[in-house]
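Have the structure open as you read.

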Amino acid sequence: MSDHKPTGIKRWLFTTNHKDIGTLYLWFAFTMFLVGGAMAMIIRAELMQPGMQVVDPLFFNSMTTMHGLIMVFGAVMPAMVGFANWMVPMMIGAPDMALPRMNNWSFWILPFAGTMLVSTLFMEGGGPAFGWTFYAPLSTTFAPKSTDFFIFAVHMLGFSSIMGAINIIATILNMRAPGMTLMKMPLFVWTWLITAFLLIAVMPVLAGAVTMMLTDRNFGTSFFSAAGGGDPVLFQHVFWFFGHPEVYIMILPAFGIVSQIIPTFARKQLFGYASMVYATAAIAFLSFIVWAHHMFTVGMPVAAELYFTYATVMIAVPTAVKVFNWTATMWKGAMTFETPMLWAVAFVFLFTIGGFTGLMLGVAPADFQYHDTYFVVAHFHYVLVTGAVFAIIAGVYYWLPKWTGNMYDEKLGKLHFWLSTISVNVLFFPQHFLGLAGMPRRIPDYAIQFAEFNFMSSLGGFAFGLSQLLFLFIVIKCIKGGEKATDKVWDNPEGLEWTVPSPAPYHTFETAPQIK
């Protein structure tokens, strides 16, 4: 049999190479990031001043709905899976993913699901306008026909996620190089192993929620209709049983990326490797038993409010272990601040702000004031933008020289960092004040007293959005050429970027020596 390798479009359509599939995931994620970002720009343009000036209220609601769904399912999750595809096999010394054909399939479902999701905007009655959490009865009784297509898109996205997760678990558990025990794996691999189990546990719950929506809409059931003996609050329970672990599905791989970067530029082993592994597992476990902290205002019993408050606040402990360990790794290290390290340090600092506001929201009596205000918007954007997205960008800068063989432009990388970090804080920090002053979320118009902070927030939003076009330029410039990357990209005499206690597996890209 000849060793024929397809080229051109066939290479990308039929590839079973984990690096090619990782690249496809990352480019798809970046495309959806720009689409979702454009929707955020429409939202911020409308909110720049009080009154209705840019879009009508229904379209505004469609934008808030689609922005959230696209960023979660189209941008952050596929980007993290892209990193897993690229890096996990190399980090554990495996030749490829365990199930390469399924790997190809799990990617190629995504563009069709993403297209179907976006296409709902062009259907009769407009796109879904019920918020990214699609609460019943807004999504069952009062939603346009396009909602059925949205349900199908969510099912397809779930298929892709479950297949990707099965593949990652099979690869990590079965294909580690000799001597690579579980407690010698790089932390990025650990975070993805735990994330993959989370995905397999919660994606079917989301599938159940949207299937009940489908039958309520089309087949006369009344799971979420009080008139037929159902309960709209049941939808919230089912959704958030998926939705809360979902947040950790997006942030745990980010923890893994940052845990690779900080030791490299501190030139020290990661402080407390074992405690980081156990903290990750603890966060994953606790994420399943705190879902109703999103629902404190539905009228649950005081005992339930107490329980969900205590359980939520407990998550602060393993998270604090992680922040402490990252800080301790940097302490007295021989630190340099190349672009990936800048993003990683910003992640630690800004993600921690998001964590603290999460603690505030997790306390039931206080949440009654914060709930459904812009304070919540500020909180989860600090977690997901300065958390997950910053870690993704840090990871791209960190591994680009390995992926392409070329160094990116360091000056432009640092410019991108400073523009993004300043603008993202101008964008989201004022929203804390708006929320505490009482501005509700998901409204296209607002009272005059909120005008100044909204104006600031919109300016920050446009600046942050434009900064990401610079990122696109830097990545393309790096792919096309530039200074050649050396074997030890980050001038790291210990080879510490794999962050394992034992000697790292051999990891030049194309040819690894045969293990005798």
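This is a predicted model: local features need pLDDT of at least 70, side-chain atom pairs count only at pLDDT 80 or more; totals for chains, interfaces and linings use all residues.

## The largest cavity

How many cavities of 30 Å³ or more does the model hold? The count comes to 2. The largest of them has a volume of about 80 Å³. Its lining is made by Tyr25, Phe73, Met77, Pro78, Val81, Leu110, Leu157, Ser160 and Ser161.

Two elements give two or more residues each to this lining, namely α3 (57-92) and α5 (147-174). Of the elements, α3 gives the most, with 4 residues. Sorted by class, the lining of the largest cavity has 7 nonpolar residues, 2 polar ones and no charged ones.

## The second largest cavity

The second largest cavity has a volume of about 40 Å³. Around this cavity you will find Met77, Met80, Val81, Trp192, Leu199 and Ile249.

Which elements supply at least two residues each to the lining of the second largest cavity? They are α3 and α6 (187-218). Here too α3 has the largest share, with 3 residues. The lining of the second largest cavity consists of 6 nonpolar residues, with no polar and no charged ones.

## Helices α4 and α5

In general, a pair of packed helices is described by the angle between their axes and the distance between the axes. Helix α4 (residues 100-119) packs with α5 at an angle of about 160 degrees, and their axes are 8 Å apart. Because angles over 145 degrees count as roughly antiparallel, α4 is roughly antiparallel to α5. The crossing of these two helices is left-handed.

From α4, the residues in contact are Met102, Asn103, Trp105, Ser106, Ile109, Leu110, Phe112, Ala113, Met116 and Leu117. They meet Phe149, Phe150, Phe152, Ala153, Met156, Leu157, Phe159, Ser160, Met163, Gly164, Ile166 and Asn167 of α5. By class, this contact has 17 nonpolar and 5 polar residues, and no charged ones.

## Helices α7 and α10

Next, turn to helix α7 (residues 232-266) and helix α10 (residues 316-330). Their axes come within 9 Å and cross at roughly 15 degrees. Since angles under 35 degrees count as roughly parallel, α7 is roughly parallel to α10. The crossing of α7 and α10 is left-handed.

On the α7 side, the contact is made by Phe255, Val258, Ser259, Ile262, Pro263 and Ala266, while α10 brings Lys322, Trp326, Thr329 and Met330. This contact divides into 7 nonpolar residues, 2 polar ones and 1 charged one.

## The loop between α4 and α5

What kind of peptide bond joins alanine 136 and proline 137? This bond is cis, with omega at about 5 degrees. Proline 137 lies in the loop between α4 and α5.

Phenylalanine 134 lies in the loop between α4 and α5 as well. Although this residue is not a glycine, its phi is positive, at about 35 degrees.

Conventions: Residues are numbered from 1 along each chain as its sequence is written. Side-chain values use heavy atoms; hydrogens and water are left out. On a 1 Å grid over the protein atoms alone, a cavity is a set of points where a 1.4 Å probe fits but cannot get out, and a pocket is an open set with protein on both sides within 12 Å along at least five of seven lines; lining residues have an atom within 4 Å of a point. Grid points are joined across faces, edges and corners, and a volume is the space filled by probe spheres set on the points. Ala, Val, Leu, Ile, Met, Phe, Trp, Tyr, Cys and Pro count as nonpolar, Asp, Glu, Lys and Arg as charged, and the others, Gly among them, as polar. Axes are lines fitted to C-alpha atoms, for helices over the stretch in contact, and angles run from 0 to 180 degrees between N-to-C directions. Angles under 35 degrees count as roughly parallel, over 145 as roughly antiparallel, 65 to 115 as roughly perpendicular and the rest as oblique. A crossing is left-handed if the near helix is turned anticlockwise from the far one by less than a right angle, and right-handed if clockwise. Contact means heavy atoms within 4.5 Å.
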